[in-house]
Amino acid sequence: MKYKSTRGGASGLSFSEAVVKGLAPDGGLFVPEKPIVIDSLDLSAMSSMNYEQLAINIISRYADDFTPEEVKDCVKKAYSFGSFPEIVAPVTNINDKLSVLELYHGPTSAFKDMALQILPNFMTYAMKKTGEENEVIILTATSGDTGKAALEGFKDIPGIRVMVFYPEDGVSEMQKYQMITQQGNNVRVVAVKGNFDDAQSGVKKIFSDEEFASVIAKDGKELSSANSINWGRLLPQIVYYFHAYFTMARNGQIRLGAKINFVVPTGNFGNILACYYAKKAGLPINRIICASNDNNILSDFMATGTYNKNRSFMTTISPAMDILISSNLERLLFDASGEDAVMIASLMDELKRDGVYTVDNRTMNNINETFWASYATEAETLRTITDTYNKYNYLVDPHTAVGLNVYEKYRQTTGDDTTTVAVSTASPFKFNSSVAEAIFGKEALEGLDEFEVLEYLSEKTGIEIPMPLRNLNKKEILHKKVCEASDMKKEVLEYICSK
Ligand SMILES: *Cc1c(COP(=O)(O)O)cnc(C)c1O
């Protein structure tokens with residue numbers, strides 16, 4: 001499998017090259033040059049595989065410059081050596097039409113682990129294969145979960161350093177503590193004054209700064225990305241859509257070959273795009289439901305064909321989705337437009353210049369054939385957490401609640417009662433304050449600090465606090481830096497030049 005840029009400026013790259021580079025030199029994103037095809041025979045052969053076998057099967061198709069042993073080694077290190085429970089991604093049945101795919105049982109309690117536990121293994125092999133001699137600096141902007149998952153995944157990996165910028169006031173207290181207590185000899189965490197888009201724009205600017213690249217190259221350094229713009233992050237996410245489907249089939253909830261819906265709480269459009277690639281490869285999917293919070297730029301886009309980021313940025317209780325530039329939408333536009341790289345390059349220029357672009361009808365029709373989009377307000381999100389707990393005795397975090405709320409809207413609007421899997425992206429304990437407040441009321445939490453709320457939530461629900469979130473407040477704070485968005489480049493240089 002070869003990879004090319006969505007903006008037409010690069011093609012013929014191997015999987016390894018796409019992973020090491022992260023972003024194409026023309027600013028585009030790498031996509032496979034051909035779709036993979038999984039037919040009904042493959043489907044039935046794959047339906048009995050466990051997570052590890054399935055991951056090896058699917059990843060091998062896209063990473064064919066890796067030997068089977070190398071793919072196996074990456075997969076085993078990621079999913080089989082204690083980072084995840086035996087069932088890597090459990091599917092919990094909510095009612096006869098709805099199940100939840102829990103992707104948060106990894107080392108940082110959010111779905112980012114599904115990809116960021118394996119990306120460093122890809123990267124290590126890929127660097128060897130491409131003859132990379134530079135030290136690779138993984139530079140990441142995070143809305144909360146990517147940062148911690150990247151730090152955990154890349155810590156102490158030889159030849160790689162990882163630097164994370166997070167918006168100072170844009171992440172939950174738990175997320176912040178997870179990052180500022182991060183150990184490892186190759187990690188640096190810095191808070192940025194501003195929101196996630198400020199941090200992400202700062203990082204993108206550094207990535208596209210050719211002069212900067214040549215300066216650090218002289219010092220034997222090179223930048224790469226752990227954000228979902230890196231194909232090496234999207235690929236492992238395709239696996240769990242297949243796994244969820246086969247789990248449902250094995251449980252007798254669907255017949256093998258029947259179509260199901262997925263509802264995905266969406267920010268940077270990475271997770272949901274992996275679902276789209278699964279459908280494209282042959283997984284029987286009816287509708288992909290795109291769920292946003294009050295930052296409803298994606299649902300507006302799907303309804304109107306105009307993507308307009310000239311609007312106020314909302315800080316919500318689902319901060320990982322507080323995003324106005326969904327980077328991976330570029331990959332969908334590329335595919336839905338019949339791979340019109342010239343058009344994509346000009347749309348992305350318009351976005352940069354004016355903050356807005358409009359897509360032609362044919363492309364929008366293609367998108368709307370597969371996707372359905374809506375959003376949940378803050379009040380609706382809280383109510384969904386409460387209702388889901390009271391009705392099903394099932395605890396969900398605010399991101400997952402956004403998905404469940406939008407699913408309800410989908411059902412009511414369309415009348416479609418196809419079996420649906422809602423993707424759950426974070427442990428409810430990672431967003432404990434919002435969850436506890438929704439269920440037990442503000443008064444019950446009065447006077448409790450974040451860590452006491454954690455205990456309270458656990459006692460009241462009888463669910464154990466996940467390991468990664470225990471005792472965070474007793475750990476030493478190792479990262480205290482705060483910088484202006486305009487000083488991010490300086491911070492990177494300073495870290496790169498340090499020993
Ligand atoms: C990152 C994240 C999302 C959004 O995922 P995208 O791939 O950016 O769309 C949703 N929920 C949680 C908890 C996340 O960490």
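Student: Which helix gives the most to the lining of the second largest cavity, and how many residues does it give?

Tutor: The leading contributor is helix H9, residues 196-207, which gives four residues to that lining (helices are DSSP runs of H or I with at least four residues, numbered from the N terminus). This is a predicted model, in which local features need pLDDT of at least 70 and side-chain atom pairs count only at pLDDT 80 or more, while totals for chains, interfaces and linings use all residues. Residues are numbered from 1 along each chain as its sequence is written, and side-chain values use heavy atoms, with hydrogens and water left out.

The second largest cavity has a volume of about 70 Å³, where a cavity is a set of points, on a 1 Å grid over the protein atoms alone, at which a 1.4 Å probe fits but cannot get out, and lining residues have an atom within 4 Å of a point. Volume here is the space filled by probe spheres set on the points, which are joined across faces, edges and corners. The residues that line this cavity include Gln 200, Val 203, Lys 204 and Phe 207, together with Leu 23, Ala 141 and Asn 268. By class, the lining divides into five nonpolar, five polar and one charged, with Ala, Val, Leu, Ile, Met, Phe, Trp, Tyr, Cys and Pro counted as nonpolar, Asp, Glu, Lys and Arg as charged, and the others, Gly among them, as polar.

Conventions
On a 1 Å grid over the protein atoms alone, a cavity is a set of points where a 1.4 Å probe fits but cannot get out, and a pocket is an open set with protein on both sides within 12 Å along at least five of seven lines; lining residues have an atom within 4 Å of a point. Helices (H or I, at least four residues) and strands (E, at least two) are DSSP runs, numbered from the N terminus.
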